[in-house]
Amino acid sequence: MGENLEKTPLHALHLELGARMVPFAGYEMPVQYPTGVMKEHLHTRTAAGLFDVSHMGQLLLEGDNAALDLERLVPQSICGLGDRRQRYAFFTNEDGGILDDLMVARRADGDLFLVVNAACKAADIAHLRRHLGATTVIEITDRALLALQGPAAETALSRIVPVESMAFMESTVFPSDFGNLWVSRSGYTGEDGFEISVACDRAEDFARALLEMPEVEPIGLGARDSLRLEAGLCLYGNDIDASTDPVQADLGWAIQKARRKGGDREGKFPGDSVILRKLADAADDADKRRVGIRPDGRGPMREGVQLFENEADDTPVGTITSGAFGPSVDHPISMGYVPARLAHPGTRIWGEVRGKRQPAEIVRLPFRPATYKR
Amino acid sequence: MIKFTEDHEWLSLDGDIVTVGITDHAQEQLGDIVFVELPEVGTQVSKGDEVVVIESVKAASDIVAPLDGEIVEINEGIIDVPGKVNEDAEGAAWFFKVKIDDESQLDEYMDETAYKDLIA
């Protein structure tokens, strides 16, 4: 493994647990444990999985106008975010493209807590500092980030801190035996669960306390990917990037009324004219759309597979951006982009796998309904 | 006689029929196998042809024909239940049988001791 890779505070624990480590976004991360991707995936769906997501960026925005300032970079309503509430958001560019997706929480002390993708972390911080005016951007480097996901996550974590009463997308700070835990009821698996920020020097003890519980197993990046794909969630860099706008990415639901045409704080974010026009107008049939795709056969259609409207067509109409086998749905699953006119569920399409055209169908996302605690 | 290739295939010779599968080491490296595509019976294959596609939860891999010959039988059972390859790679989860003209084709491959050294 490259010497220049960063390690998370749980690195030694991963090795002790027998993880296979891989380079990911500049970090040496566990892709799987001896249990294997399939069983790790299924364990998360039936009990609880513990994920190390410490490679992700944790930021605090401090200042009286932090929410209003952040709204200049994202199309979400941040001013409308209630106390201890969290929301999915994305940074956009002048063309409406997505620079990164992130979580934003409003803490009880008024600060905004942001979790951003590892690969985009440095660019995001620079972007925030350039545009946020008087709001201070603090990169938190002394805290690890863990995710505990699955139907037994509440049972497990409530032995340490009282999370039973938390609602989905609530964010709270709890004192604990492991110092203050910044807990949000959220995740990226389609399961109920929590994301927990814990001081680096307490992270391993905290992880061990969870792993000692009968419900909890460690889960690697391999299963994290198949879990999020079954849940229809985007992976930045694959399914969304600077060349996809929120309408193309079918993420319009994440743009609140207050920021849309006629809203209280309409527009005034990068790419607002493109995005707001597309949200207000009828869909352009030629514009691309992110869709779910289910291959007819048992063979997965993975990232990069080209899509064709008819079996014998020469010119592709789209591309798969994520593809895998879905252990819980027991069939291959993919996401990709097709022209909007082909985006309706039930539309037949062809993917070219190893030189052969294979039939598939456009399907509604997610592949597996989420089980969030509303 | 059992031989092993550097591509982690095992070859078992019985008369002029060679049964081909992947080694236990290979299935472990591939991870959970979710899809197997086998050649058609009757296909003439040449050494080096990509004849099998294996998809695991991680990635797709090709298996090449280790010998020249004719595919005479395939293991339909692993098409229906690809996970069998993870459970019994060097036994019931063989991939295909190939009829060969020239037994000396196997000479270049490793015996079990040499293969064990390779993966050690």
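Author: Two strands count as paired if DSSP finds at least two bridges between them. The model discussed here is predicted.

Reader: In β8(A), which residue is the bridge partner of Gln58(A)?

Author: Strand β4 of chain A covers residues 57–62, and five bridges join β4(A) to strand β8 (residues 136–140) of chain A. The two strands run antiparallel. Within β8(A), Gln58(A) is bridged to Ile140(A).

Reader: And in β7(A), what is the bridge partner of Gln58(A)?

Author: β4(A) is also joined by five bridges to strand β7 (residues 112–116) of chain A, again antiparallel. In β7(A), the partner of Gln58(A) is Val115(A).

Reader: How many of the six residues of strand β4 of chain A are buried?

Author: A residue is buried when its relative accessible area is under 20%. Strand β4 of chain A is largely enclosed by the rest of the structure, because the number of its six residues that are buried is five.

Reader: Which residue forms a salt bridge with Arg45(A)?

Author: Arg45(A) is in helix α2 (residues 37–46) of chain A, and its partner is in the loop between β11 (181–184) and β12 (193–199), 146 residues apart from it. The closest N and O atoms are 2.9 Å apart.

Reader: Which residues do salt bridges with shared partners join into one network with Arg45(A)?

Author: The structure holds 30 salt bridges over all chains. Those that share partners put Arg45(A) into one network with Glu191(A), Glu230(A) and Arg368(A).

Reader: How many residues apart in sequence are the parts tied together by Arg265(A) and Glu71(A)?

Author: The side chains of Arg265(A) and Glu71(A) meet in a salt bridge of 2.7 Å, N to O. Arg265(A) lies in the loop between α7 (221–230) and α8 (272–280), and Glu71(A) in the loop between α3 (66–70) and β5 (86–92), so the pair ties together parts of chain A whose separation in residues is 194.

Reader: Is Arg265(A) buried or partly exposed?

Author: The cut-off for buried is under 20% relative accessible area. Glu71(A), at 3%, is buried. Arg265(A) has 25% relative accessibility, so it counts as partly exposed.

Reader: What is the N to O distance in the salt bridge of Arg348(A) and Asp296(A)?

Author: Arg348(A) lies in strand β18 (residues 348–353) and Asp296(A) in the loop between β14 (288–295) and β15 (306–308) of chain A, so the pair ties together parts 52 residues apart in sequence. Arg348(A) is partly exposed at 40%, and Asp296(A) is partly exposed at 43%. Their N to O distance is 2.4 Å.

Reader: In chain B, which are the edge strands of the open sheet of six strands?

Author: The strand order in this sheet is β1-β2-β3-β9-β8-β5, with antiparallel pairing. Inside that order, four bridges join β3 (residues 17–22) to β9 (residues 96–99), and Val18(B) has Val98(B) as its bridge partner in β9(B). An edge strand pairs on one side only, and the two that do so are β1 (2–4) and β5 (44–45).

Reader: Why does Glu50(B) count as exposed?

Author: Glu50(B) is in strand β6 (residues 50–56) of chain B. It belongs to a negative surface patch whose other members include Asp49(B), Asp62(B) and Glu103(B). Exposed means over 50% relative accessible area. Glu50(B) counts as exposed because its relative accessibility is 60%.

Terms used:
Residues are numbered from 1 along each chain as its sequence is written. Chains are lettered from A and ligands numbered from 1 in the order in which they are written. This is a predicted model: local features need pLDDT of at least 70, side-chain atom pairs count only at pLDDT 80 or more; totals for chains, interfaces and linings use all residues. Side-chain values use heavy atoms; hydrogens and water are left out. Patches are made of residues with over 30% relative accessible area and no salt bridge: like charges are joined within 9 Å, nonpolar side chains (Val, Leu, Ile, Met, Phe, Trp, Tyr) within 5 Å. Accessible areas come from the Shrake-Rupley method with a 1.4 Å probe; for residues, only the protein chains shown count as cover. A salt bridge is a side-chain nitrogen of Lys or Arg within 4 Å of a carboxyl oxygen of Asp or Glu. Lys and Arg count as positive and Asp and Glu as negative; His and the chain ends are not counted. The place of a charge is taken as NZ of Lys, CZ of Arg, CG of Asp or CD of Glu. Buried means under 20% relative accessible area, exposed over 50%, partly exposed in between (1.4 Å probe, protein chains only).
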